[in-house]
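Here is a note for a colleague who is meeting this structure for the first time.

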Amino acid sequence: VLIDKGEHRHFMAKEIHEQPTVIGHTVAAYVDAARQRVVSPAEALDFNSIDRLTLVACGTAYYACHVAKYWFEAIARLPVEIDIASEFRYREPPLSERDAAIFVSQSGETADTLAALRYAAGKVKSVLAVVNVAESSIARAADIVLPIRAGAEIGVASTKAFTCQLVTLATTAILAGRQRGAIDAAEEARLCDLLAEAPRRIAEALTLEDGVAALAQEIARARDVLYLGRGAMYPLALEGALKLKELSYIHAEGYASGEMKHGPIALIDDAVPVVVLAPTDPVFEKTVSNMQEVMARGGKVALITDANGAALAGADAWRVVVLPRIDRFIAPIVYAAPAQLLAYHAALAKGTDVDQPRNLAKSVTVE
Ligand code: G6P
């Protein structure tokens, strides 16, 4: 199959803008829209027969696992551990028949993730692989394969694979919630409807590209950038910072909003932009007070929120990006879009190689 950039300057731009379509494919693969119910190969595992779920991956796929931890715990009331594959595999973590493990990989070939999967196989009840490349080593070595259906991803920095991983993991959390009796049919229907809404919402978020590009021009002048988030927005802050580092070579770090005061706040001055990812959710007020701590020290806050959040807390911010108001369940999927666009446009401003950042590889098959 010939894959080209179409009307886009870079594969990354094409892949960012494909998200409404490919997320739609992922939702269609795992949600029975008529019955408002998840249908998934993961049904082969009885989530009621396990006490713990371990999620393992590298890079951006690891941050998808980190978001999923919030979902599995809230929706399925299932204890979750997450780890990066290179640590998990050498730690020799104790595992039993009362565990299941999910390995997430776009390529399905990452050496550390494959080795981590082989370590878990045979020890746990069931090994699941969430992969984009369905004919991959990681898929072949798993008991259950959950394809994310993002289509070929060429840009080294992962974008559409991340959001499709999120959708796949979200549906798995819903399934686990149903099996464990943690959610009823009405709640499953509500969550399925929200996922069905995600393609439209991410398309709306992508229409804000010009505003995000203007912010990126300013961010591109910084030497250091902080990203803050709370709850499931915390891993999004980590992913946003990773994207900026990978693409623009600007030093960026993500922190949990509440952890700022325990160290990173020492970095704050008017040269350090702080990107705050904060939909109006039950922890919004807490994040606003962390924002105020930053601003009181001369920090420049770029607040990415919804209209409600902008009205409540936008007045003192340096820049505000206003996204559609969405349920907190799908916020990590939708807020990925501005984080990706910010890194992309910062890279354009810096003139870096967007699709092939220095020193990085799309698939890391060495340890
Ligand atoms: C490389 C890529 C990252 C990716 C990571 C894991 O470092 O540059 O974008 O997130 O590998 O890759 P995987 O194919 O296992 O998801």
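1. Helix 11 (residues 284-296) has 13 residues and reaches 18 Å from its first C-alpha to its last, close to the 18 Å expected at 1.5 Å a residue. The expected span of a helix is 1.5 Å times one less than its number of residues, and helices (H or I, at least four residues) and strands (E, at least two) are DSSP runs, numbered from the N terminus. This is a predicted model, in which local features need pLDDT of at least 70 and side-chain atom pairs count only at pLDDT 80 or more, while totals for chains, interfaces and linings use all residues. Residues are numbered from 1 along each chain as its sequence is written.

2. Which residues of helix 11 are buried? They are Phe 284, Thr 287, Val 288, Asn 290, Met 291 and Val 294. Seen down the axis of helix 11, these buried residues fall within an arc of 160 degrees, so they line one face of the helix; the arc is that of the directions from the helix axis to the C-beta atoms. On the other side of helix 11, Glu 285, Ser 289 and Ala 296 are exposed. A residue is buried if 20 or more other C-beta atoms lie within 10 Å of its own, exposed if 12 or fewer, and partly exposed in between, with C-beta atoms placed from the backbone.

3. The cover over the buried residues of helix 11 includes strand 8 (224-229), strand 10 (273-277), strand 11 (300-306) and helix 12 (307-313). Helix 11 is followed by Gly 298, whose phi is positive, near 80 degrees.

4. Helix 3 (residues 59-76) supplies three residues to the shell around the ligand, the largest share. The 18 residues of helix 3 should span 26 Å at 1.5 Å a residue, and its end C-alpha atoms are 25 Å apart, which agrees.

5. The shell around the ligand holds 16 residues, and the closest are Gly 59, Ser 105, Gln 106, Ser 107 and Thr 110; a residue is near a molecule or strand if its C-beta atom, placed from the backbone, lies within 6 Å of it. By type, the shell divides into six nonpolar, nine polar and one charged, where Ala, Val, Leu, Ile, Met, Phe, Trp, Tyr, Cys and Pro count as nonpolar, Asp, Glu, Lys and Arg as charged, and the others, Gly among them, as polar.

6. Arg 77, which follows helix 3, has a positive phi of about 50 degrees although it is not a glycine. Arg 77 lies in the loop between helix 3 and strand 4 (80-84) and is partly exposed, with 13 other C-beta atoms within 10 Å. Gln 36, in the loop between strand 1 (31-32) and strand 2 (37-38), also has a positive phi, near 50 degrees, and with 16 C-beta neighbours inside 10 Å it counts as partly exposed.

7. Helix 5 (residues 111-120) is mostly covered, as seven of its 10 residues are buried, among them Asp 112, Leu 114 and Tyr 119. What covers the buried residues of helix 5 includes strand 3 (52-57), helix 4 (85-91), strand 5 (99-105), strand 6 (126-131) and helix 6 (137-141). Ser 137, found in helix 6, is in contact with Gly 108, Glu 109 and Leu 114, leaving aside its neighbours within four places in sequence; two residues are in contact if their C-beta atoms, placed from the backbone, lie within 7 Å.

8. For the protein chain as a whole, the secondary structure comes to 13 helices and 12 strands. The radius of gyration is 20 Å, close to the 21 Å that the globule rule gives for 367 residues, so the protein chain is as compact as a globular protein of that length; the radius is taken over C-alpha atoms, and the rule is 2.2 Å times the number of residues to the power 0.38. Of the 367 residues, 55% count as buried, and residues 24 or more positions apart account for 76% of the contacts with a separation of 6 or more.
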